[in-house]
Amino acid sequence: MRGLLEVFPDARFIVMLRHPFETIPSLLDLMSRYWRGMGAPEALVEASAKLLGEIQIAQYRYALEVVDELPEAQQVVVEFRDLLADPRSIVQKIYTRFGLEISEEFDRYLEDERRAAKEFRSQHEIEPGGQGPARDRVRRELADLFERFGWSG
(Lines give C-alpha, C1' and ligand atoms only; values in the text may rest on other atoms or scores of the structure.)
Protein backbone atom coordinates (compact mmCIF):
# COMPACT_ATOMS: atom_id res chain seq x y z
CA MET A 1 0.00 0.00 0.00
CA ARG A 2 2.80 2.39 0.82
CA GLY A 3 4.47 1.52 -2.48
CA LEU A 4 1.27 2.38 -4.33
CA LEU A 5 1.09 5.69 -2.49
CA GLU A 6 4.62 6.54 -3.59
CA VAL A 7 3.64 6.13 -7.23
CA PHE A 8 0.02 7.25 -6.89
CA PRO A 9 -0.13 9.73 -3.98
CA ASP A 10 -3.85 10.38 -4.55
CA ALA A 11 -4.73 6.66 -4.49
CA ARG A 12 -7.83 5.71 -2.55
CA PHE A 13 -8.03 2.53 -0.51
CA ILE A 14 -10.82 0.31 0.68
CA VAL A 15 -9.70 -1.98 3.48
CA MET A 16 -12.02 -4.92 4.04
CA LEU A 17 -11.76 -6.57 7.45
CA ARG A 18 -13.28 -9.77 8.70
CA HIS A 19 -12.92 -11.19 12.20
CA PRO A 20 -9.46 -12.82 12.29
CA PHE A 21 -10.90 -15.98 13.88
CA GLU A 22 -12.83 -16.44 10.63
CA THR A 23 -10.37 -15.02 8.11
CA ILE A 24 -7.17 -16.74 9.09
CA PRO A 25 -8.46 -20.34 9.29
CA SER A 26 -10.54 -19.84 6.13
CA LEU A 27 -7.57 -18.53 4.13
CA LEU A 28 -5.27 -21.27 5.40
CA ASP A 29 -7.83 -23.96 4.61
CA LEU A 30 -8.30 -22.59 1.09
CA MET A 31 -4.58 -22.30 0.39
CA SER A 32 -3.81 -25.72 1.90
CA ARG A 33 -6.41 -27.31 -0.38
CA TYR A 34 -4.88 -25.50 -3.35
CA TRP A 35 -1.32 -26.53 -2.46
CA ARG A 36 -2.37 -30.17 -1.92
CA GLY A 37 -4.21 -30.08 -5.25
CA MET A 38 -0.98 -28.97 -6.90
CA GLY A 39 0.81 -31.97 -5.38
CA ALA A 40 2.81 -30.20 -2.67
CA PRO A 41 4.24 -32.53 0.01
CA GLU A 42 2.28 -32.39 3.27
CA ALA A 43 5.28 -31.06 5.23
CA LEU A 44 5.53 -28.12 2.81
CA VAL A 45 1.78 -27.48 3.01
CA GLU A 46 1.95 -27.39 6.81
CA ALA A 47 5.04 -25.13 6.87
CA SER A 48 3.54 -22.78 4.30
CA ALA A 49 0.23 -22.59 6.18
CA LYS A 50 2.07 -21.82 9.41
CA LEU A 51 4.04 -18.99 7.79
CA LEU A 52 0.95 -17.58 6.06
CA GLY A 53 -0.89 -17.59 9.40
CA GLU A 54 1.91 -15.55 10.94
CA ILE A 55 1.83 -13.09 8.07
CA GLN A 56 -1.90 -12.57 8.49
CA ILE A 57 -1.50 -11.06 11.96
CA ALA A 58 0.94 -8.51 10.54
CA GLN A 59 -1.36 -7.83 7.56
CA TYR A 60 -4.24 -6.77 9.81
CA ARG A 61 -2.03 -4.28 11.57
CA TYR A 62 -0.32 -3.00 8.40
CA ALA A 63 -3.49 -2.28 6.44
CA LEU A 64 -5.02 -0.24 9.24
CA GLU A 65 -1.75 1.52 10.02
CA VAL A 66 -1.56 2.77 6.45
CA VAL A 67 -5.19 3.86 6.07
CA ASP A 68 -5.21 5.53 9.48
CA GLU A 69 -2.42 7.79 8.20
CA LEU A 70 -4.51 8.88 5.19
CA PRO A 71 -7.15 11.60 5.07
CA GLU A 72 -10.75 10.32 5.08
CA ALA A 73 -11.16 11.27 1.42
CA GLN A 74 -8.56 8.62 0.51
CA GLN A 75 -9.68 5.70 2.62
CA VAL A 76 -12.57 3.72 3.94
CA VAL A 77 -12.56 0.71 6.25
CA VAL A 78 -15.32 -1.82 5.71
CA GLU A 79 -16.07 -4.61 8.09
CA PHE A 80 -17.17 -7.82 6.39
CA ARG A 81 -20.20 -8.36 8.65
CA ASP A 82 -21.49 -4.90 7.70
CA LEU A 83 -21.03 -5.68 4.01
CA LEU A 84 -22.93 -8.94 4.41
CA ALA A 85 -25.72 -7.27 6.35
CA ASP A 86 -26.31 -4.49 3.83
CA PRO A 87 -24.04 -4.42 0.76
CA ARG A 88 -26.00 -1.57 -0.81
CA SER A 89 -25.48 0.73 2.15
CA ILE A 90 -21.76 -0.04 2.33
CA VAL A 91 -21.21 0.57 -1.39
CA GLN A 92 -23.16 3.83 -1.14
CA LYS A 93 -20.95 4.86 1.79
CA ILE A 94 -17.81 4.13 -0.25
CA TYR A 95 -19.09 6.02 -3.29
CA THR A 96 -20.08 9.01 -1.15
CA ARG A 97 -16.70 9.06 0.60
CA PHE A 98 -14.87 9.03 -2.73
CA GLY A 99 -17.21 11.54 -4.41
CA LEU A 100 -18.57 9.08 -6.94
CA GLU A 101 -22.09 8.78 -8.28
CA ILE A 102 -24.11 5.59 -8.41
CA SER A 103 -26.12 5.11 -11.59
CA GLU A 104 -29.74 4.00 -11.37
CA GLU A 105 -28.83 0.69 -12.99
CA PHE A 106 -26.06 0.06 -10.47
CA ASP A 107 -28.35 1.09 -7.62
CA ARG A 108 -30.90 -1.52 -8.76
CA TYR A 109 -28.13 -4.10 -8.87
CA LEU A 110 -27.08 -3.16 -5.33
CA GLU A 111 -30.66 -3.53 -4.13
CA ASP A 112 -30.81 -7.02 -5.66
CA GLU A 113 -27.54 -7.87 -3.91
CA ARG A 114 -28.89 -6.55 -0.60
CA ARG A 115 -31.84 -8.93 -0.89
CA ALA A 116 -29.63 -11.84 -1.92
CA ALA A 117 -27.22 -11.19 0.96
CA LYS A 118 -30.02 -11.71 3.48
CA GLU A 119 -30.52 -15.25 2.17
CA PHE A 120 -26.85 -16.22 1.65
CA ARG A 121 -25.47 -19.14 3.66
CA SER A 122 -21.85 -20.17 3.16
CA GLN A 123 -21.22 -23.77 2.13
CA HIS A 124 -17.63 -23.55 3.39
CA GLU A 125 -17.28 -25.21 6.78
CA ILE A 126 -14.24 -24.38 8.90
CA GLU A 127 -13.43 -26.05 12.20
CA PRO A 128 -13.92 -23.58 15.09
CA GLY A 129 -10.23 -23.75 16.07
CA GLY A 130 -9.07 -23.97 12.49
CA GLN A 131 -5.51 -23.67 11.30
CA GLY A 132 -3.23 -20.83 12.15
CA PRO A 133 -1.89 -19.02 15.19
CA ALA A 134 -3.59 -19.77 18.51
CA ARG A 135 -6.68 -17.68 19.16
CA ASP A 136 -5.35 -16.31 22.44
CA ARG A 137 -2.25 -15.05 20.66
CA VAL A 138 -4.25 -13.46 17.85
CA ARG A 139 -6.53 -11.85 20.45
CA ARG A 140 -3.54 -10.56 22.43
CA GLU A 141 -1.58 -9.22 19.42
CA LEU A 142 -4.61 -7.58 17.83
CA ALA A 143 -6.29 -6.50 21.08
CA ASP A 144 -6.70 -2.90 19.93
CA LEU A 145 -8.44 -4.08 16.75
CA PHE A 146 -10.76 -6.38 18.72
CA GLU A 147 -11.68 -3.32 20.76
CA ARG A 148 -11.99 -0.98 17.77
CA PHE A 149 -14.29 -3.30 15.81
CA GLY A 150 -16.13 -4.92 18.70
CA TRP A 151 -14.95 -8.41 17.81
CA SER A 152 -15.73 -11.14 20.32
CA GLY A 153 -13.23 -13.72 21.40
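This is a predicted model: local features need pLDDT of at least 70, side-chain atom pairs count only at pLDDT 80 or more; totals for chains, interfaces and linings use all residues.
A pocket is an open set of grid points with protein on both sides within 12 Å along at least five of seven lines.

**Entry: overall layout**

I looked up the elements of the protein and found eight helices and two strands. Read from the N terminus, the elements run α-β-α-α-β-α-α-α-α-α. I also looked up the box that the C-alpha atoms fill, and it is roughly 50 × 40 × 35 Å along the principal axes.

**Entry: the second largest pocket**

Rolling a probe the size of a water molecule over the atoms shows where empty space is left. I looked up the second largest pocket, which holds about 170 Å³ of space. I noted its lining as Met1, Val15, Met16, Leu17, Arg18, Thr23, Gln56, Gln59, Tyr60, Tyr62 and Ala63. Two elements, β1 (13-17) and α3, each give two or more residues to this lining. Which element gives the largest share of the lining? I found that α3 does, with five residues. I then sorted the lining by class and got seven nonpolar residues, three polar and one charged.

**Entry: α2 and α3**

Two packed helices are described by the angle between their axes and the distance between the axes. For α2 (residues 20-37) and α3 (residues 42-69), the axes come within 10 Å and cross at roughly 150°. Angles over 145 degrees count as roughly antiparallel, so I wrote down α2 as roughly antiparallel to α3. The crossing of these two helices is right-handed.

I listed the residues that meet. From α2 they are Pro20, Thr23, Ile24, Leu27, Leu28, Met31, Ser32, Trp35 and Arg36. From α3 they are Glu42, Val45, Ser48, Ala49, Leu52, Gly53, Gln56 and Tyr60. By class, this contact has ten nonpolar, five polar and two charged residues. Thr23, Gln56 and Tyr60 had already turned up in my pocket list.

**Entry: α5 and α6**

I looked up a second pair, α5 (residues 87-97) and α6 (residues 104-119). Their axes come within 7 Å and cross at roughly 140°. Are α5 and α6 roughly antiparallel or oblique? At that angle they are oblique to each other, because roughly antiparallel needs an angle over 145 degrees.

On the α5 side, the contact is made by Pro87, Arg88, Val91, Gln92 and Tyr95. On the α6 side, Phe106, Asp107, Leu110, Glu111, Glu113, Arg114 and Ala117 take part. I counted this contact by class as six nonpolar, one polar and five charged residues.

Methods
Residues are numbered from 1 along each chain as its sequence is written. Side-chain values use heavy atoms; hydrogens and water are left out. Axes are lines fitted to C-alpha atoms, for helices over the stretch in contact, and angles run from 0 to 180 degrees between N-to-C directions. Helices (H or I, at least four residues) and strands (E, at least two) are DSSP runs, numbered from the N terminus. Angles under 35 degrees count as roughly parallel, over 145 as roughly antiparallel, 65 to 115 as roughly perpendicular and the rest as oblique. A crossing is left-handed if the near helix is turned anticlockwise from the far one by less than a right angle, and right-handed if clockwise. Contact means heavy atoms within 4.5 Å. Ala, Val, Leu, Ile, Met, Phe, Trp, Tyr, Cys and Pro count as nonpolar, Asp, Glu, Lys and Arg as charged, and the others, Gly among them, as polar. On a 1 Å grid over the protein atoms alone, a cavity is a set of points where a 1.4 Å probe fits but cannot get out, and a pocket is an open set with protein on both sides within 12 Å along at least five of seven lines; lining residues have an atom within 4 Å of a point. Grid points are joined across faces, edges and corners, and a volume is the space filled by probe spheres set on the points.
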